[in-house]
Amino acid sequence: MKKRLFAIVVMLSFMLAHKAGAQAVQMATLQHGETMKAFYGLDALSDALASAVKGDVISLSEGIFNAPTFNKPVTIQGAGFYIDKEGKQAWTSIKDDPVINIPNGETGLKIEGIHFAGNVTVEGDSLCQFTLTKCRIGDFTATAKLVEGEISQSYIKNMKYAETRKFYIHHVVMHTIDATNENQISVDVDHCVLTGNMAAAVTAVVRNSLLKNVQGTASCAFYNNVISQNSTHYEWHGKITSIYLVGNTIWTINTIDYNGTNSGYCALFVTPSHAYTWDEYNDYKLTDEAAAQYTCPDGTQVGLYGGTVPFSTTLSTPQIISKTIATETDENGMLNVKIQVEAQK
């Protein structure tokens, strides 16, 4: 049944493209059980959310959509989040600054494959049992309690959250990470890249990551990380009472040159020029030498591309990567259409 419904979505996309010609038209398809409904235009996502109920699935086409308030625990699937300079990769973008505010007690919000042009704020009492994956966000700020949630495979410039319980941050590029509440229970940071600072208020277990700077009073446990600490913050290294170094955490102590870059740390990356700064175009891949040298207990490399599910821009839902449509029907009146799809396993 899922395959048949996906085929219907593909056919609707073709019909829309044929109707619109060269101009792209935003489309959101709402799937409720075995029934589907399509919405069009800048407000297509907002309209689909207004008609949705808990557990529904909203699929978005390529293009830019107006920002809604995510107030229902549904699944929202975009066409992609990654920005490439050549413009060859499809993506779905939401402009302005959307808000997530799920009613207290509701669970199950899932968002995948969306480029948020602005910032995302999580409001209300709590956001429970949620997943946010393969997204790009400017600032992610949560004043609501985050409970049993996961953010993964994403680019988030600045992350700030309040109270947490079982909060997982995996395979994420961040510039800064901060907390506003001391009640942080079971925060797990794994296979991430931090280009800026981890603030003193953060309490977490940090594993298999590449970190630029960690402030000295952070109550964290560090397992198997590469941490570049510049000379201007070196004095914190003596404040070992609140820093728990375990496993084979690796420290690279380098001085800052006149450009404000750390040559030793940057040299670990294939694209070193912006490895020490926030750059959403950088894939933060390690060189072959660094990947072989800095490994995890499972044998994979530290950073984004290690672990059981390495970082990838490919979505978990099938996406069209190529299509060929015949210009004429055959002798049986059939139109030859070839579609190639791709999905992360």
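1. Aromatic cluster. In this predicted model, ring pairs join F81, Y82, Y155, F269, W278, Y284, Y305 and F311 into a cluster. The structure holds 11 aromatic pairs. One of them is Y82 with Y155: the ring centres are 6.5 Å apart and the planes stand at 70°, so the pair counts as edge-to-face. Y82 belongs to the loop between β6 (75-77) and β7 (92-94), and Y155 to strand β13 (residues 145-161), so the pair ties together parts 73 residues apart in sequence. Both Y82 and Y155 are buried.

2. F130 and F167. The ring centres of F130 and F167 lie 6.3 Å apart with the planes at 40°, so this pair is tilted. F130 sits in the loop between β11 (126-128) and β12 (131-142) and F167 in strand β14 (residues 164-179); the pair thus links distant parts of the chain, 37 residues apart. F130 is buried at a relative accessible area of 4%, and F167 is buried at 0%.

3. Charge over a ring. Y305, a member of the cluster, has the charged end of K285 over its ring, 5.6 Å from the centre.

4. Helix α2. In helix α2 (residues 44-51) the buried residues are A44, L45, A48 and L49. These residues cover an arc of only 135° around the axis, which puts them on the same side of α2. An α-helix has 3.6 residues a turn, so residues three or four places apart point the same way.

5. Confidence. The chain has an average pLDDT of 81, and 72% of the residues score at least 70. Over residues 230-242 pLDDT stays under 50, and the model has 21 contacts beyond four places in sequence for this stretch. Residues 255-261 also stay under 50, with seven such contacts.

Conventions:
Residues are numbered from 1 along each chain as its sequence is written. This is a predicted model: local features need pLDDT of at least 70, side-chain atom pairs count only at pLDDT 80 or more; totals for chains, interfaces and linings use all residues. Side-chain values use heavy atoms; hydrogens and water are left out. pLDDT is the predictor's confidence in each residue, from 0 to 100. Contact means heavy atoms within 4.5 Å. Buried means under 20% relative accessible area, exposed over 50%, partly exposed in between (1.4 Å probe, protein chains only). Helices (H or I, at least four residues) and strands (E, at least two) are DSSP runs, numbered from the N terminus. The arc is that of the directions from the helix axis to the C-beta atoms. Rings of Phe, Tyr and Trp (its six-membered ring) pair if their centres lie within 6.5 Å; planes under 30 degrees apart count as stacked, over 60 as edge-to-face and the rest as tilted. A charge sits over a ring if NZ of Lys or CZ of Arg is within 6 Å of the ring centre and within 35 degrees of the ring normal.
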